[in-house]
Amino acid sequence: MKKMILKEYGSVDVMEMEEVEIPSPSAHQLVIKTAAIGVNDPDMVIRQSGPAPTMPKDMFPPLPHSLGQDFSGVVSAVGEEITRFKVGDHVAGFSNMNTYMEYILTEEDSNVAVVPKELDLEPLGGLYLGLATAWASTIRDGQVKAR
């Protein structure tokens, strides 16, 4: 599969395409064939300058690493203990810095949700981070409440 990685920080020229094996899931993981991914401000900032000083140290992705947070796609493989997903499910979700690739490996309990098959997966690929940001700024931080 194709995977876009960074081996250093800088202009868009530091991004490199690599061919790697399609991941195999462990018992509680699933593999998602990406339909679309979001390209967001954090991706551009980290690509250019590295993790922000305010980012928790345990979240720093070590180089080389991929970028990308939100995605949509179709479940292509599931671990033997998976109960929430099955092969063929259409999904959308969020993953910390690893969506710039054809197949995403993620945990069953991560931020992934099954979406109706009638929905177009392309716009869903960039939905999650914007939605989470809007919710955090209005509901969590702004404390907006129903009247």
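**Figure 1. The largest pocket of the predicted model has a volume of about 190 Å³.** The structure shown here and in the following views is a predicted model. By residue class, the lining of the largest pocket comprises eleven nonpolar and two polar residues, and no charged ones.

**Figure 2. Asp43 in helix α1.** With a relative accessibility of 1%, Asp43 counts as buried, because the cut-off for that class is under 20% relative accessible area. The C-alpha atoms of Asp43 and Met97 are 8.0 Å apart in space, although the two residues are 54 residues apart in sequence.

**Figure 3. An open sheet of five strands, with antiparallel pairing.** The strand order is β6-β3-β4-β5-β7. The edges of the sheet are formed by β6 (103–107) and β7, each of which pairs on one side only. From one strand to the next, the twist averages 40°.

**Figure 4. Strand β5 and its two partners, β4 and β7.** Strand β5 covers residues 90–94; four of its five residues are buried, so the strand is largely enclosed by the rest of the structure. Strand β4 (residues 70–78) pairs with β5 in the antiparallel sense, over five bridges. In this pairing, Gly93 of β5 stands opposite Phe71. The pairing of β5 with strand β7 (residues 111–114) is likewise antiparallel and runs over four bridges. Here Phe94 has Asn111 of β7 as its bridge partner.

**Figure 5. The pairing of strands β3 and β6.** Strand β3, residues 29–37, pairs with β6 in the antiparallel sense over five bridges. Within this pairing, Leu30 stands opposite Thr106 of β6. Strand β6 is one of the two edge strands of the sheet.

**Figure 6. Thr34 of strand β3, viewed together with Val74.** Thr34 has a relative accessible area of 18% and is therefore buried, the limit for this class being under 20%. In sequence, Thr34 and Val74 are 40 residues apart; in space, their C-alpha atoms are 6.6 Å apart. In the order of the sheet, β3 stands between β6 and β4.

**Figure 7. His65 and Pro64 in the loop between α1 and β4.** His65 counts as buried, at 7% relative accessibility. Its side chain makes a polar contact with the side chain of Tyr9, at 3.4 Å. The view also includes the peptide bond from Leu63 to Pro64, which is cis, with omega near -10°.

**Figure 8. Met59, another residue in the loop between α1 and β4.** Met59 counts as partly exposed, with a relative accessibility of 36%; this class lies between the limits for buried, under 20%, and exposed, over 50%. Met59 and Asn96 are 37 residues apart along the chain, and their C-alpha atoms are separated by 8.4 Å.

**Figure 9. Asp89 in the loop between β4 and β5.** At 6% relative accessibility, Asp89 counts as buried. Lys3 is included as a point of reference: the C-alpha atoms of Asp89 and Lys3 are separated by 22 Å, and the two residues are 86 residues apart along the chain. Strand β5, with residues 90–94, has four buried residues out of five.

**Figure 10. Gln143 in the segment after helix α3 (128–140).** The phi angle of Gln143 is near 50°, a positive value in a residue other than glycine. Gln143 has a relative accessible area of 54% and is exposed, because the limit for that class is over 50%.

Key. Residues numbered from 1 in each chain as written. Predicted model: local features only at pLDDT ≥ 70, side-chain atom pairs only at ≥ 80, totals over all residues. Heavy atoms only, no water. Buried < 20%, exposed > 50% of the residue type's maximum accessible area, 1.4 Å probe, protein only. Pairing = 2+ DSSP bridges. Axes fitted to C-alpha atoms, helices over the stretch in contact; angles between N-to-C directions. 1 Å grid on protein atoms, 1.4 Å probe; cavity = no way out; pocket = protein on both sides within 12 Å on 5 of 7 lines; lining within 4 Å. Points joined across faces, edges and corners; volume = space filled by probe spheres on them. Nonpolar A, V, L, I, M, F, W, Y, C, P; charged D, E, K, R; others polar. Polar contact = N/O pair within 3.5 Å; in protein donor to acceptor, adjacent residues only side chain to side chain.
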